[in-house]
Amino acid sequence: MASAAMQETTLSARRGALSSEDDDGRDDSKTKKPSRLTMDILAHLRRFSISAPCLAVALPLLLVFIIAVAVLSRSRPHAEILVTPLDSLPLVPLLPGNGLEGLAPNFGSLGVPLCRSKHGKMVEWTSKDLLKGLEEFVPVYETRPIKNNIYGMGFDHSFGLWFMARWLKPDLMIESGAFKGHSTWVLRQAMPETRIISLSPRHPEKYLRKGPAYVDANCTYFAGKDFVDFGSVDWVSVLKKHGVADPSRVLAFFDDHQNELKRVKQALKAGFRNLIFEDNYDTGTGDHYSLRQICDQTYITGGGHSCFKDSDEAKIRLKRKKFWKKAVDIDDLCGAGEAWWGVKGYMRDNFNHSNKQISDDEHVQNGRFIESVLDLYWELPPVAGPSLTHQTRYDPARSTDPIIEDGKFGLFQRLGLTRFETAVFNGYTQMVFLRVSVSTIS
Ligand SMILES: C[S@@+](CC[C@H](N)C(=O)[O-])C[C@H]1O[C@@H](n2cnc3c(N)ncnc32)[C@H](O)[C@@H]1O
């Protein structure tokens, strides 16, 4: 209880002028509308790409681009552990001479530092399974009770959570960070009969007074006055109480903006093996130390950064920042002493209410520790390319290929995705699935 009071106090302090009811656990990386400027540029790109005088120049280039994307996506299926060397993909300008060169999506062109698992295992599901899942999920998502889940999950991560929960079929689902209950609802759609345990400082029922929220009948809430942080729960007795004998059959989902290194250690202690982190922030961004940040290491292909202002990376980043709202340039990325890891050399925790400067050595050790417990690491791809979703927030240059590639409008439309407003596609932050275990010495 004392812990609950403390959590609520820290959250209140962050709320500022906004209403406390509306701003609990707000996460600015989520479903905000694109800025006027980016919408203008996007519209310009779309208009420009079909104007007749440019077609002669644009079409051959576009053809090269489409072939490159097709070849690359065939050689890099979603189900694999992917490594993308910096600049291994050409930066294909969308159109020459329009001042907007280098802004094409170019998925992965700035490197995607994916964590290495112990034995190089891959997830069982394939790109085909994801597409089939999307087809089933669209009508489910249309029935969501909280239509405007600003500061909570949007479409991409809702789909990812639903897909993985359905695939893994756990005996129990734990959710840390409920907000108004949207993710609880998603878990319930995936597994209609399975018990949920939800931990959140503010009970979702509190939001019902002001508008749509979701409270689940088959869920044990450690919320409001009963809130206990995930790391302080006596999981042995909670699991026993719920008749769960095997902790490895539990799925733990975290959307609580806590240091993910801390959460992985706590989950391992409890014997949980299947973990999903909603906000797997990229290096230089976000309010907590994430798996993506931990694995961004110079010894990993696609990882590590140069703080040299004249480097290719610096030039590309500067350009991309003008278009993709969440892109970071070298100034955003690098702190004192050229510290680029975490966020400018800091390991953030608890909505950035606390942070700690860490050395490069410590960061490397953290990476080694994660690798030593990882059986699987899989980042959910974005649902579709930005020409389809019109999202302008996350930079595709730091992401794996989308499930539906740019240009496949027919498929996007057939799946019913055109029915959703752009804002639901703006919250992608590389949701990640981990399977972990403590290594036994044989
Ligand atoms: C981004 S919101 C969660 C959004 C929700 N999963 C959804 O999709 O709608 C983060 C939530 O974490 C809660 N939170 C803060 N500290 C927490 C902690 N230590 N443990 C669990 N939840 C916490 C916040 O109160 C807030 O409700």
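Is Ala-213 buried or exposed, and how many other C-beta atoms lie within 10 Å of Ala-213? In the structure described here, which is a predicted model, Ala-213 is buried, and 21 other C-beta atoms are found within 10 Å. Since a residue counts as buried when 20 or more other C-beta atoms lie within 10 Å of its own, the count of 21 places Ala-213 in that class. The residue belongs to the loop that runs between strand 4 (195-200) and strand 5 (219-223). Apart from neighbours within four places in sequence, the contacts of Ala-213 are Ile-146, Lys-180, Gly-181, Pro-204, Glu-205, Tyr-207 and Leu-208. Phe-179, which is 34 residues away from Ala-213 in sequence, has its C-alpha 8.7 Å from the C-alpha of Ala-213 in space.

When contacts between residues at least 6 apart in sequence are considered, 71% of them join residues at least 24 apart.

Two helix pairs, both involving helix 6, were examined in turn. In general, a pair of packed helices is described by the angle between the axes and by the distance that separates the axes. Helix 5 (residues 127-142) packs with helix 6 (residues 155-168) at an angle of about 110 degrees, the axes being 10 Å apart, and the two helices are therefore roughly perpendicular to each other. The crossing in which helix 5 passes helix 6 is right-handed. On the side of helix 5, the contact is made by Leu-130, Gly-133, Leu-134, Phe-137, Val-140 and Tyr-141, which meet Phe-155, Ser-158, Phe-159, Trp-162 and Phe-163 in helix 6. Nine of the residues in this contact are nonpolar and two are polar, while none is charged.

For the second pair, the axes of helix 6 and helix 7 (residues 182-190) come within 8 Å and cross at roughly 35 degrees. This crossing, too, is right-handed. Here Ser-158, Leu-161, Trp-162, Ala-165 and Arg-166 in helix 6 meet Ser-183, Val-186, Leu-187, Gln-189 and Ala-190 in helix 7. The residues of the contact between helix 6 and helix 7 divide into six nonpolar, three polar and one charged.

In soluble globular proteins, nonpolar side chains tend to be buried together. In the present model, the largest nonpolar core holds 77 residues, and the members that touch the most others are Ala-165, Met-173, Ala-252, Leu-275, Ile-276 and Leu-434. Helix 6 makes the greatest contribution to this core, giving seven residues. Leu-275, when neighbours within four places in sequence are left aside, is in contact with Ala-252, Val-264, Ala-267, Leu-434 and Val-436.

Ala-270 is partly exposed, with 19 other C-beta atoms within 10 Å. Beyond neighbours within four places in sequence, the residues in contact with Ala-270 are Trp-235 and Pro-247. Leu-239 lies 31 residues from Ala-270 along the chain, and the C-alpha atoms of these two residues are separated by 10.0 Å.

Technical notes:
Residues numbered from 1 in each chain as written. Predicted model: local features only at pLDDT ≥ 70, side-chain atom pairs only at ≥ 80, totals over all residues. Contact = placed C-beta atoms within 7 Å. Axes fitted to C-alpha atoms, helices over the stretch in contact; angles between N-to-C directions. Helix = DSSP H or I, 4+ residues; strand = E, 2+ residues; numbered from the N terminus. Parallel < 35°, antiparallel > 145°, perpendicular 65-115°, else oblique. Left-handed = near helix turned anticlockwise from the far one by under 90°. Nonpolar A, V, L, I, M, F, W, Y, C, P; charged D, E, K, R; others polar. Buried ≥ 20, exposed ≤ 12 C-beta atoms within 10 Å, placed from the backbone. Core = buried A, V, L, I, M, F, W, Y, C linked by C-beta atoms within 7 Å.
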